[in-house]
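Hi,

Here is the model I promised to pass on. Have a look at it first, and my notes come after.

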Amino acid sequence: MTDHNNSNPSEQQQNEEPHDGSSSDPATPGSESSGDAWSDFVDAHADDISAVERSRAAKRFEKSARKAQKKAALSVDDLKSSAFTNAGRSGGPRDFQGRSWLDTDDVMDSDSVFTPPNPNLGHMRRGVLTFSVMCILGLVAFAAAILLPAWSGTIGTIGGVLMLIGGVGLFTQLRGHANTRSDPYDDGARV
């Protein structure tokens with residue numbers, strides 16, 4: 001197996017501090033304070049630190065830091081006094097007297113030219129009514145034939161005849177599109 005590459009002489013650790021975050025006793029011989037350790041580090045790496053300080057990136061950073069310090073932050077004097085008081089305002093949000101889109105019934109319907117449809121069917125012709133009732137009775141007879149198996153032959157025959165007569169009668173009562181047209185451009189679409 002590979003051995004650990006420990007470059008410290010005589011298996012000694014450089015950091016004598018315990019790893020649990022607590023500091024060692026300062027009275028212990030050989031222990032250094034953190035200030036001494038930092039100054040030793042700065043002395044040992046003085047050439048590298050001065051090279052970094054002279055680098056182009058460091059100079060750019062210093063220049064931008066100086067600009068940021070010179071740049072004035074927003075001051076209270078920059079704001080108008082009306083930003084802090086109610087001068088010139090007519091009231092709060094509950095004092096609004098205009099119209100809002102939330103008032104749907106009033107706002108949406110005020111300018112509308114929409115006319116609601118009239119659900120009145122008007123006068124229904126007697127023939128259309130009779131054949132419609134015959135179709136409905138034929139459907140009821142078919143349902144009864146399924147539910148009453150003893151009478152299914154008789155009820156099914158009566159339902160079939162009623163449905164056939166009602167369907168043919170409704171088809172003959174159909175006036176067609178040409179008879180319901182109100183003008184030459186009416187395409188038959190109804191609401």
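Below is what I found, from the whole chain down to single residues.

Ground rules first: this is a predicted model, so to speak of local features I need pLDDT of at least 70, and side-chain atom pairs count only at pLDDT 80 or more, while totals for chains, interfaces and linings use all residues. Residues are numbered from 1 along each chain as its sequence is written, and side-chain values use heavy atoms, with hydrogens and water left out.

On confidence, the protein has a mean pLDDT (the predictor's confidence in each residue, from 0 to 100) of 76, with 63% of its residues at 70 or more. Helix 5 comes out highest, at a mean of 94, and helix 7 (residues 177-180) lowest, at 60. Where pLDDT is low, the predicted coordinates should not be read in detail.

The protein has 7 helices and 0 strands; both are DSSP runs numbered from the N terminus (helices H or I, at least four residues; strands E, at least two). The accessible surface (Shrake-Rupley, 1.4 Å probe; for residues, only the protein chains shown count as cover) is about 17600 Å², and carbon and sulfur atoms own 58% of that.

Now helix 6, residues 152-173: its end C-alpha atoms are 31 Å apart, which agrees with the 32 Å that its 22 residues should span at 1.5 Å a residue (the expected span is 1.5 Å times one less than the number of residues). Ile155, Gly156, Gly159, Gly166 and Gly169 are buried there, and helix 5 (126-147) is among what covers the buried residues of helix 6.

From the helix 5 side, look at Ala145, which is buried at 12% relative accessible area. Beyond its neighbours within four places in sequence, Ala145 is in contact (heavy atoms within 4.5 Å) with Ser152, Ile155 and Gly156. The C-alpha atoms of Ala145 and Ile155 are separated by 5.6 Å, at 10 residues apart along the chain.

Leu129 also sits in helix 5, but counts as partly exposed because its relative accessibility is 45%. Together with Leu121, Met124, Val133 and Leu137, Leu129 forms a nonpolar surface patch with about 500 Å² of accessible area.

Helix 3 (residues 56-70) is hardly covered, with 0 buried among its 15 residues.

Cheers

Methods:
Buried means under 20% relative accessible area, exposed over 50%, partly exposed in between (1.4 Å probe, protein chains only). Patches are made of residues with over 30% relative accessible area and no salt bridge: like charges are joined within 9 Å, nonpolar side chains (Val, Leu, Ile, Met, Phe, Trp, Tyr) within 5 Å. A salt bridge is a side-chain nitrogen of Lys or Arg within 4 Å of a carboxyl oxygen of Asp or Glu.
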